[in-house]
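Please examine the structure shown below.

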Amino acid sequence: MKQQVPFEQFIHENPDYLVISHSQIENWDRCQRYWQYVSLEKLATEVTWPMKFSSVMLHPALGYWYLNKGSLHTFDFSKCWKKYMEIVQAIPCPKGKQAIYSLQHARDIVREYTDMFSKDFEMYRFVASEEKRYKVLPEMKVVYLSIPDLVLERIGDDKVVVNDFKHSTWDMNSDLDAFDRQLLGQAFVTDAQFLMKTHIHSSMVTSRGEDSYAKLEIKRPFVPVDSDQMREWFDEVCQTASEILRAKENAVFVKQAPKGCFAFQKMCEFKDLCSLGSARKFMIETMPKRERD
């Protein structure tokens, strides 16, 4: 795999480049003003227990396991749990799902995964875990950024494989086809030829006369990157990047209501900002910002 200049160094040397990602494109499609608030103004967004469970509790352990060729002997789960609790301490846990978003269940998930795929080390070499990867889009000062959960190389032919871990309490979309744009973006920045799509499904089970417990199922389809889908994805990304550049140049971000105001069956957390007119800029300056990207 070709070595890159570290992302931070590239951006430091090219501060006029726009950085976009899959999540930014999703925000742009939802509402241009929402994109402005989150990506341009860096306003802090809502956090939930499910949102941080994978990234804080599962990804570090699984990345560590691959890096250390199958060993978790010195991995500190309690450190991850402490960090998780600091993030969600002021947020109610989803009702009836305390056993799912728990330290014990995180351990169970990692144990189940490592038992199921212990032979990965006979087939793959570890390359990176949650490392920033990027590519510059042609003829534009735009960088597409992605942070794949796991990058591997296949032993024998050195073909690159990206593995994305999705944890959910819903059993639908277990093939992760709904995340095809995100996965193609990971393949784009790594030049991967194959995708591992790891779906971790947790559900609460209550047996008569017994306490509830968290049930676990893990599926990991392995598919080649489709060249037609990749070309289609690339054209879409370039078009979206052009739209964002034009909006930034004109300082006009279209409010997409009511779709954007009530996305995902809940009111946008920044809805009131849109009614402030010229006072919006002052209010944005006083609002909490993200500590880091």
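Axes are lines fitted to C-alpha atoms, for helices over the stretch in contact, and angles run from 0 to 180 degrees between N-to-C directions. The model is a predicted one, in which local features need pLDDT of at least 70 and side-chain atom pairs count only at pLDDT 80 or more, while totals for chains, interfaces and linings use all residues. Residues are numbered from 1 along each chain as its sequence is written, and side-chain values use heavy atoms, with hydrogens and water left out.

**The sheet**

Helices (H or I, at least four residues) and strands (E, at least two) are DSSP runs, numbered from the N terminus. Two strands are paired if DSSP finds at least two bridges between them. Three strands form an open sheet in the order β1-β4-β3, with mixed pairing. β1 (18-20) and β3 are the edge strands, each with a single partner, so one side of each lacks a neighbour in the sheet. From one strand to the next, the twist averages 25°.

| Strand pair | Sense | Bridges | Opposite residues |
|---|---|---|---|
| β1 and β4 | parallel | three | valine 19 and valine 143 |
| β3 and β4 | antiparallel | four | lysine 135 and tyrosine 144 |

β3 (residues 133-136) and β4 (residues 142-146) form a hairpin with five residues between them, and glutamate 139 in the turn has a positive phi of about 60°. Helix α9 lies across β1 and β4, and runs at about 135° to β1.

**Helix packing**

The axes of α8 (residues 180-190) and α9 (residues 227-250) come within 10 Å and cross at roughly 95°. That makes α8 roughly perpendicular to α9, a term for angles of 65 to 115 degrees. Contact (heavy atoms within 4.5 Å) involves residues including Leu184 and Phe188 of α8 and Trp233 and Phe234 of α9.

Helix α5 (residues 77-88) has 12 residues and reaches 17 Å from its first C-alpha to its last, close to the 16 Å expected at 1.5 Å a residue. The expected span is 1.5 Å times one less than the number of residues. Buried means under 20% relative accessible area and exposed over 50% (1.4 Å probe, protein chains only). Phe77, Cys80, Tyr84 and Val88 of α5 are buried. They cover an arc of only 65° around the axis, which puts them on the same side of α5; the arc is that of the directions from the helix axis to the C-beta atoms. These buried residues pack against α4 (49-67) and α6 (103-116), whereas Lys79 and Lys82, on the other side of α5, are exposed.

**Isoleucine 284**

Isoleucine 284 is found in α10 (residues 280-286) and counts as buried at 5% relative accessibility. Among the residues that isoleucine 284 touches are Tyr37, Leu43 and Leu273.

How values were computed
Parallel < 35°, antiparallel > 145°, perpendicular 65-115°, else oblique. Lists of a residue's contacts leave out its neighbours within four places in sequence.
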